[in-house]
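Below is a briefing on one protein chain, arranged by topic. Please look over the sequence and the model before reading on.

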Amino acid sequence: MKRDEGSITLWMVGLVMVVFAVGGISIDLWRGLAAHRHVASVADAAAVAAGSGIDETTWRLEGRLILEPAHVAERVAAAVAAQSGEGIVDYRVTTVPDGSRATVTASTQVELTLLALLADGPIEVSAHASASPTLSP
């Protein structure tokens, strides 16, 4: 009787485990990349909306373009609501006190499948975008 009987079975079990691990990791990584793409598009759309939230009174009286925080918040909320069809996206809007720029930070959580064995809970994916009021020709 040979000593190496059954060794092929052990190799196959090990190979199957490695294939499942690599497959699970690739699925989680693609889910994370897809979530990042979605969050980045939400942040970009919200930043474009924020850039249109100008203070019309200052524009008419002084000829200066500045952002009105209330208009910015209202427009960003509408843009995020329109873009968040695929999942829940948390966002935060920060307007510079002089009204020259608004920054939108969007984030979401991605539940992991196989990597959940290694990570403690879901991972957070975030993106940042900023906008300034400008005149377009």
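What percentage of the 137 residues of the chain count as buried? The share is 28%, where buried means under 20% relative accessible area, exposed over 50% and partly exposed in between, with a 1.4 Å probe and protein chains only. This is a predicted model, in which local features need pLDDT of at least 70 and side-chain atom pairs count only at pLDDT 80 or more, while totals for chains, interfaces and linings use all residues. Residues are numbered from 1 along each chain as its sequence is written, and side-chain values use heavy atoms, with hydrogens and water left out.

**Overall layout**

- The chain has three helices and three strands, in the sequence pattern α-α-α-β-β-β; helices (H or I, at least four residues) and strands (E, at least two) are DSSP runs, numbered from the N terminus.
- The radius of gyration of the chain is 24 Å, well over the 14 Å from the globule rule for 137 residues, so the chain is more spread out than a compact globule. The radius is taken over C-alpha atoms, and the rule is 2.2 Å times the number of residues to the power 0.38.
- Along the principal axes, the C-alpha atoms fill a box of roughly 100 × 30 × 25 Å.
- The chain exposes about 9400 Å², of which carbon and sulfur atoms supply 61%; accessible areas come from the Shrake-Rupley method with a 1.4 Å probe.
- Of the contacts (heavy atoms within 4.5 Å) between residues at least 6 apart in sequence, 57% join residues at least 24 apart.

**Sheet**

- Three strands make an open sheet in the order β1-β2-β3, with antiparallel pairing; two strands pair if DSSP finds at least two bridges between them.
- β1 (90-95) and β3 (123-131) are at the edges with a single partner strand each, so one side of each has no neighbour in the sheet.
- Neighbouring strands are turned by 15° against each other on average, direction ignored; axes are lines fitted to C-alpha atoms, for helices over the stretch in contact, and angles run from 0 to 180 degrees between N-to-C directions.
- Six bridges join β1 to β2 (residues 102-110); within this pairing, tyrosine 91 has alanine 106 as its bridge partner, and arginine 92 has threonine 105.
- β1 and β2 form a hairpin with six residues between them, and glycine 99 in its turn has a positive phi of about 75°.
- β2 is joined to β3 by nine bridges, and serine 107 stands opposite serine 126 in β3.
- β2 is largely enclosed by the rest of the structure, because seven of its nine residues are buried.

**Nonpolar core**

- The largest nonpolar core has 17 residues, with Val72, Val76 and Ala106 having the most contacts inside it. Such a core is a set of buried Ala, Val, Leu, Ile, Met, Phe, Trp, Tyr and Cys residues joined through side-chain atoms within 4.5 Å.
- At least two residues of this core come from each of α1, α3, β2 and β3; α1 gives the most, with six.
- Leaving aside neighbours within four places in sequence, valine 72 is in contact with Ala50, Gly53, Leu67, Val93, Thr95 and Ala102.
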